[in-house]
Amino acid sequence: MSLYSFFRLFPTSLNMKIKVVNIIKGTPARVNRNTGTVYVSAWHFKQMNPVQRRFVLYHELAHYLFKTKNEQMADEYAMMRMIKEGYPISSIVKALNHLLNNTRAHYGRKLNIVSDARVYDYVFNNNKKSLKPILK
């Protein structure tokens, strides 16, 4: 799937615009929460696999839909959208792990998404092993 075909993920009714720029320092994409314009770093996106690209775009969509700066909320929204589309939880967690670096803020986001994924796997897939490390 090409870089530009991913932009069809946004519902046309939202009137969101995509602007591809060469590079955005420190992030693969960002959205103007007022206008819905998503700025995508071509340099970053070319280095990502399709799961990572989808996660980033859904993450930015959440910032716009909910008019929020909350990164955890945007991560959770992206994860749930991808689970609904049939992506394995493990591939979503791996995507986010690859996208985020090991700063304190990013470590917290990684921990939150792994915890959310474990709970989801237990509740909806009845996978009791997913909570085992937490329960010890």
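**A nonpolar patch and an aromatic pair**

Val 119, Tyr 122, Val 123 and Phe 124 together make a nonpolar surface patch of about 390 Å². The model examined here is a predicted one. Two members of the patch, Tyr 122 and Val 123, can be followed in some detail. Tyr 122 sits in helix α5, which spans residues 104–125, and Val 123 is found in that helix as well. Val 123 has a relative accessible area of 54% and is therefore classed as exposed, the cut-off for that class being over 50%. Tyr 122, at 34% relative accessibility, counts as partly exposed.

Beyond its neighbours within four places in sequence, Tyr 122 is in contact with Asn 127, Lys 128, Ser 130 and Leu 131. As for Lys 132, this residue is 10 positions from Tyr 122 in sequence, and the two C-alpha atoms are 9.9 Å apart in space.

Attention now turns to the aromatic rings. The structure holds 2 aromatic pairs. One of them is formed by Phe 66 and Tyr 77, in an edge-to-face arrangement with 5.6 Å centre to centre and 75 degrees between the planes. Phe 66 lies in the loop between α2 (50–65) and α3 (71–84), while Tyr 77 belongs to helix α3, so the pair ties together parts that are 11 residues apart in sequence. The two partners also fall into separate accessibility classes: Phe 66 is partly exposed, with a relative accessible area of 44%, whereas Tyr 77 counts as buried at 18%, because buried means under 20%.

How values were computed
Residues numbered from 1 in each chain as written. Predicted model: local features only at pLDDT ≥ 70, side-chain atom pairs only at ≥ 80, totals over all residues. Heavy atoms only, no water. Helix = DSSP H or I, 4+ residues; strand = E, 2+ residues; numbered from the N terminus. Buried < 20%, exposed > 50% of the residue type's maximum accessible area, 1.4 Å probe, protein only. Contact = heavy atoms within 4.5 Å. Patch = residues over 30% accessible without salt bridge, like charges linked within 9 Å, V, L, I, M, F, W, Y side chains within 5 Å. Areas by Shrake-Rupley, 256 points an atom, 1.4 Å probe, with all protein chains shown as cover. Salt bridge = Lys/Arg side-chain N within 4 Å of Asp/Glu carboxyl O. Phe/Tyr/Trp six-rings, centres within 6.5 Å; stacked < 30°, edge-to-face > 60°.
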